[in-house]
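Please read each point with the structure open.

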Amino acid sequence: MIRKLFLSVLGLVWASAASADFALNMREGITELSTETYALHMLVFWVCVGIGVVVFGVMLVSLFLHRKSRGVKPASFSHSTTAEVIWTIIPCLILLFMAVPAAETMIKLEDSRNPDMSIVITAHQWRWHYKYQDEGIEFYSSLALPSMQARIKNSGVDPFSVDNYLLEVDRPLVVPRGAKVRVLLTSNDVVHAWWVPDLAIKKDAVPGMVNETWFRADVAGTYRGQCAELCGKDHGYMPVVVEVLEADAYAAWIAARTGSNE
Amino acid sequence: MADHGPAKGFTRWLYTTNHKDIGTMYLIFSLTMFFIGGSMALVIRSELMTPGLQFVHPEFFNQMTTMHALIMVFGAVMPAFVGLANWMIPLMIGAPDMALPRMNNWSFWILPVAFGILLSTLLMDGGAPAGGWTMYPPLVLQTGDAFPFLIFSVHLMGISSIMGAINIIVSILNMRAPDMWLLKMPMFVWTWLITAYLLIAVMPVLAGAVTMLLTDQFFGTSFFLAAGGGDPVMFQHIFWFFGHPEVYIMILPAFGVVSEIIPTFARKPLFGHDSMVYAASCIAFLSFIVWAHHMFTVGMPLSGQLFFMFATMLIAVPTGVKIFNWVATMWGGAMTFETPMLFSLAFVFLFTIGGFSGVMLAIVPADIQYHDTYFVVAHFHYVLVPGSIFGLFAACYYWLPKWTGHMYNETAGKLHFWASTIFVNLTFFPMHFLGLAGMPRRIPDYSTQFADFNTMASIGAIGFGLSQLIFVYVLLTVKKGAKATDRVWEAPRGLEWTVPSPAPYHTFDTPPVKRVTQESFQ
């Protein structure tokens, strides 16, 4: 009975694994710091796998060897200071080995000096407002209409038929490739969080406070993220889309946006 | 008066000051809450089965996530461990009852009232609280009529927990059997002593935080409102100063349970009893200086981030000591695999997986990616479900024969174990992948690339929910089982096995003599 259940579950997992494209891991992203973050994530992951193999290995051997049904007599030892000192010190060393590179990346993450441009992001329930500080451009960015229509309860629209369902906006944030962009975040109402996984940036937008972070996108393209702090009923419906353009395309975009002001 | 039995009828339960009756009520209450909170989880998982909204509106979805957490944390896990403490601590230290029996009655009976109030908010204008169990302002101030009821019920839960904790500390420090000096106490008693201190330290902090929310909402203060000169982030600091010790409040007693069960079924003494005590104390101390690791994205100075990262990573050391000691306890033993042992072994295995993701979350740059995604949901459910909840199941199976005088149905117990273990992994393991792929938590609908793992998790959750009915079956049929002996198991240690099964209404009217205390630990 248990075996049957187990096999059917396994079969189910297998069947769905074969039919879909599964993202199993964190994305490496498109900035220097996102790559470093990914490397840190993989470092800690493999350290944990290593520790897991040793600890679970010993445990499994013990579960196999030291059972009453094999007729063994239980030992009676109950402590060993040497062993306990060893398995206190080794984890400390492993932690140090991971803490140093993490601290190095953190120092870089906090260094938002000398930006090429600054964007003020103000969060609202439930859309983002972007303001280019020097270019005098500002606009709201909300969930795109096709997703808006499909998201209604029992809308009859198949989410799979909508391009980038819930991850598309009417007006994306546009930035030039290779520029150091400083992001200043605040909120108009409740706490939100601005997150783009490919930029490895997630920062809270807190009312009454201005938070600062930065990124430098190395690859042109469109990158999608979402609000990451519960902000009310439409928390799931305020995506972030960042379009990274080459310098000339960006200049053309700026000209087109400011053209009407001239 | 060893021969007088309990009163009859409902008043027995309403007026009781007996630690066994109160323990039973706590356990039944928490099981009820476990099923209520669990059905809310199933509403959440049903909605998330496929992309698009099928069953509930986003507002109600948020009410479900908020209520699920509040009920599971304050209604299921914490009262269940207090129930175990009530039943077992007097039996384990050779005391006739808890030190403060009337307060004991009071601290239990507050709970049904607190949760009655909390659950009634589902019917109010604006619905139940929907701002998350973390109650972050300003969002929580947008709650409808439910708001003051939420605050009041949290206050009641806190009062109940504080009284329970005082009772446990006073009982342990004053009522131990002769010759049971502190470092000889069973691990379950030790971990509960530490937990009780944590409770006394942090529940008033939570009470203060929610009171400030209340005055911000109704009495014109601005503790957390920027417009009035307050600071919304300060609430998060205060909340997590409570919240982080709170997670150890939910896991330390489970450590204690597992430390009782593994030696019994390995037929070998617990490895490193004293270092287990030091490790648990160390974890408790560190739990006070790591709170801001819940808020690495909130905008903190670099020095603050570094401090909280290092302090958080340090917790891995004493936690590692505990896990290594459990494995060393198994090593060289003569193990058998009855249901309590199975749950304990799964605890060690799966809690460690939750510990690994905990270490990953401590690394700040990586945490910035993991924060508020399903990776975090996977992490804390691994430490809470196959951690705390499996610890509770292990304890119930282990002591059920002592409580009822009958052996439970071992086949059903094993089935409950295997079904729970398979489904808990099917539910929560895919959530790691969802989080890494970029799915935020607390959303009612998601982009289509997250569909497959969500379906898998939902199937797992429904399976896990149904598996718990086996546990109810085990409880309902236990009276039909074979008569349990006084010792129940082959080689258990501790004073609780020196009293008859079922444990009489009054035990240890006179303290056990020195010899009994010593022999029961051999």
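1. The largest nonpolar core has 253 residues, among which I121(A), V189(B), V258(B), F347(B) and A394(B) touch the most other members. A nonpolar core here is a set of buried Ala, Val, Leu, Ile, Met, Phe, Trp, Tyr and Cys residues joined through C-beta atoms within 7 Å; a residue is buried if 20 or more other C-beta atoms lie within 10 Å of its own, exposed if 12 or fewer, and partly exposed in between, with C-beta atoms placed from the backbone. Helix α3 (residues 58–93) of chain B supplies the largest share of this core, 22 residues, and at least three residues come from each of domain 1 (32–67 + 79–110) and domain 2 (117–257) of chain A. Helices (H or I, at least four residues) and strands (E, at least two) are DSSP runs, numbered from the N terminus.

2. On provenance, this is a predicted model, in which local features need pLDDT of at least 70 and side-chain atom pairs count only at pLDDT 80 or more, whereas totals for chains, interfaces and linings use all residues. Residues are numbered from 1 along each chain as its sequence is written, while chains are lettered from A and ligands numbered from 1 in the order in which they are written.

3. Contact means that the C-beta atoms of two residues, placed from the backbone, lie within 7 Å.

4. Between the chains, 87 residues of chain A are in contact with 82 residues of chain B. On the side of chain A that touches chain B, the elements giving two or more residues are α1 (2–19), α2 (32–65), α3 (81–110) and β7 (201–205) of chain A, and α3(A) gives the most, with 16 residues. By class, this side of chain A divides into 52 nonpolar, 20 polar and 15 charged residues, where Ala, Val, Leu, Ile, Met, Phe, Trp, Tyr, Cys and Pro count as nonpolar, Asp, Glu, Lys and Arg as charged, and the others, Gly among them, as polar.

5. Within chain A, the domain assignment gives domain 1 (32–67 + 79–110) and domain 2 (117–257), with bounds that come from an automatic or database domain assignment. The C-alpha centres of these two domains of chain A lie 36 Å apart, and 4 residues of domain 1 are in contact with 4 residues of domain 2. The side of domain 1 of chain A that touches domain 2 has 1 nonpolar, 2 polar and 1 charged residues.

6. Two peptide bonds deserve a check. A cis peptide bond joins Q125(A) and W126(A), with omega about 0°, and W126(A) is found in the loop between β1 (117–124) and β2 (127–132) of chain A. Another cis peptide bond joins S501(B) and P502(B), with omega about -5°; P502(B) lies in the loop between α15 (451–477) and α16 (514–520) of chain B.

7. Most residues other than glycine have a negative phi, and most peptide bonds are trans. N114(A), not a glycine, has a positive phi of about 50° and is found in the loop between α3 and β1 of chain A; with 8 C-beta neighbours inside 10 Å, N114(A) counts as exposed. M135(B), also a residue other than glycine, has a positive phi near 55° and lies in the loop between α4 (101–120) and α5 (146–174) of chain B, where, with 24 C-beta neighbours inside 10 Å, M135(B) counts as buried.
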